[in-house]
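The following note was prepared for a colleague who has asked for a reading of the model.

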Amino acid sequence: FGIEAELAPDSPALVVALLPVPAGQWHPVGAHGRSSRRTPASALLHVAPGLDELTDRIDRCAARFEAIVGGLIASDETSGKSAQFVAGGVLDEACTGIAFSGEVGLRSRLTQGCRPLAREHVISDCTSHYIQKLDGEPALDVLLSDLGVPEEVRRSTDGDEILRALPAHELRRGLLVGLSDQSERGRAGFGDYTVRQLVGIDPMHRILAIAATPRSGDHAVFCTRDLRAAHADLIRICTELRDEVESEGLAVIGAHYVSCASRPALFGSAEAELEVLRHNLGNVPVFGFFANGEISGGRVHGHSGVLTLFVRENP
């Protein structure tokens, strides 16, 4: 198997992947992913974006398996619903997939294509969707300092004046904030960060509104996305995975890539990411799909890519 050409995110397609997995070392993941016990297996999931209690479903799967990867599948534009073919039937709004155990395992990395705009901070005061203080200082003041806004403007309570002073050339692809319960210092990439949009500022109270629920004590870094960072980070995860499987003496029997439907716009074409994967993974067949959200580390990410290698012991 292997995708010879990458299609546009809205193009229909059928992919068949044939993996040399012994009987008994794989099993389908059911529609609800329910289980009372953890299994020594890793799972590749396809999740309907309109699924009720989506986060709870993914949390249950993360508790059930040693590792989960995958993505939120596309839905019909008219009905907003999705369909999955599982065990000879069709399921609506489901969480399904396949789990691997035994001699076949998964090795995975997340790429978010982000570039930090300044140093990392610690959230010292926050409420639901609002960051009030970073490192003990008003959050808006910290952001403006990180972005190099002139000091006289930083003290302003005029929202329009503040917005005009932001470095537009740095923020062409948005202003984001990465959140993590551990420091990313000294390590490459944003693998442990959940990256979300910064959606508003309150110049009177000096607080920030974000599309996430921050927690006091978490680490935060302001960042943005650009082609150079995304290209370099995609190469990084390929290199890390290749080095990992080589150091463990494993053979790669296939690769799966979940890419956000927005990433072709960042890379400039629908085939650009596939070309990077081919060049840096070598003669490894790759298959996958465009997603409306990418699953890695038990969390749903956005604008990201999840590369997974299927591995086994060398014969």
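**Notes on the predicted model**

1. Strand 3, residues 65-72, is mostly covered, with six of its eight residues buried. The model under review is a predicted one. Strand 3 runs antiparallel to strand 18 (residues 294-296), and three bridges join the two. Within this pairing, valine 69 has serine 296 of strand 18 as its bridge partner.

2. As to overall composition, the protein contains seven helices and 20 strands. Of its 315 residues, 46% are buried. The accessible surface comes to about 15400 Å², and carbon and sulfur atoms hold 51% of that area. Among contacts with a separation of 6 or more, 79% are between residues 24 or more positions apart.

3. The largest nonpolar core has 24 residues, and Leu134, Leu143 and Phe222 have the most contacts inside it. At least two residues of this core come from each of strand 9 (121-127), strand 10 (130-134), helix 2 (139-146), strand 12 (176-180), strand 14 (207-210) and strand 15 (219-225). Helix 2 provides the largest share, five residues. Another core lies apart from this one; it has 21 residues, among them Ala230, Cys238, Val276 and Leu281. As general background, nonpolar side chains in soluble globular proteins tend to be buried together.

4. Is helix 2 enclosed by the rest of the structure or open to the outside? Helix 2 is largely enclosed, because six of its eight residues are buried. The buried positions are Ala139, Leu140, Val142, Leu143, Leu144 and Asp146. Just after helix 2, glycine 148 adopts a positive phi of about 75°.

5. With strand 9 it pairs in the antiparallel sense over four bridges, and isoleucine 123 has leucine 134 of strand 10 as its bridge partner. Strand 9 and strand 10 form a hairpin with two residues between them, and histidine 129 in the turn has a positive phi of about 70°. Strand 10 is also joined to strand 14 by two bridges, again in an antiparallel arrangement; here isoleucine 131 stands opposite leucine 208 of strand 14. Two further bridges join strand 10 to strand 11 (residues 137-138), and these strands run antiparallel. In the hairpin of strand 10 and strand 11, two residues separate the strands and aspartate 135 takes a positive phi near 55°.

6. In strand 11, its bridge partner is glutamate 137. Which residues does leucine 134 contact, leaving aside its neighbours within four places in sequence? The contacts of leucine 134 are His121, Val122, Ile123, Ser124, Ala139, Val142, Ala220 and Phe222.

7. A search of the whole structure finds two aromatic pairs. Phenylalanine 100 and phenylalanine 310 form one that is edge-to-face, at 5.4 Å centre to centre with 65° between the planes. Phenylalanine 100 belongs to strand 6 (residues 95-100) and phenylalanine 310 to strand 20 (residues 305-313), so this pair ties together parts that are 210 residues apart in sequence. Phenylalanine 100 is buried at a relative accessible area of 5%, and phenylalanine 310 is buried at 1% relative accessibility. Phenylalanine 287 and phenylalanine 310 form a pair that is stacked, at 6.0 Å centre to centre with 10° between the planes. This pair links distant parts of the chain, with phenylalanine 287 in strand 17 (residues 286-291) and phenylalanine 310 in strand 20, 23 residues apart. Phenylalanine 287 is likewise buried, with a relative accessible area of 13%.

8. How many disulfides does a search of the whole structure find? The search finds zero disulfides. The cysteine sulfur closest to that of cysteine 61 belongs to cysteine 95, at 3.9 Å, and is therefore too far for a bond; the cut-off for a disulfide is sulfur atoms within 2.5 Å. Cysteine 61 counts as buried, at 0% relative accessibility. Cysteine 126 also counts as buried, at 18% relative accessibility, since buried means under 20% relative accessible area.

Key. Residues are numbered from 1 along each chain as its sequence is written. This is a predicted model: local features need pLDDT of at least 70, side-chain atom pairs count only at pLDDT 80 or more; totals for chains, interfaces and linings use all residues. Side-chain values use heavy atoms; hydrogens and water are left out. Buried means under 20% relative accessible area, exposed over 50%, partly exposed in between (1.4 Å probe, protein chains only). Two strands pair if DSSP finds at least two bridges between them. A nonpolar core is a set of buried Ala, Val, Leu, Ile, Met, Phe, Trp, Tyr and Cys residues joined through side-chain atoms within 4.5 Å. Contact means heavy atoms within 4.5 Å. Rings of Phe, Tyr and Trp (its six-membered ring) pair if their centres lie within 6.5 Å; planes under 30 degrees apart count as stacked, over 60 as edge-to-face and the rest as tilted. Accessible areas come from the Shrake-Rupley method with a 1.4 Å probe; for residues, only the protein chains shown count as cover.
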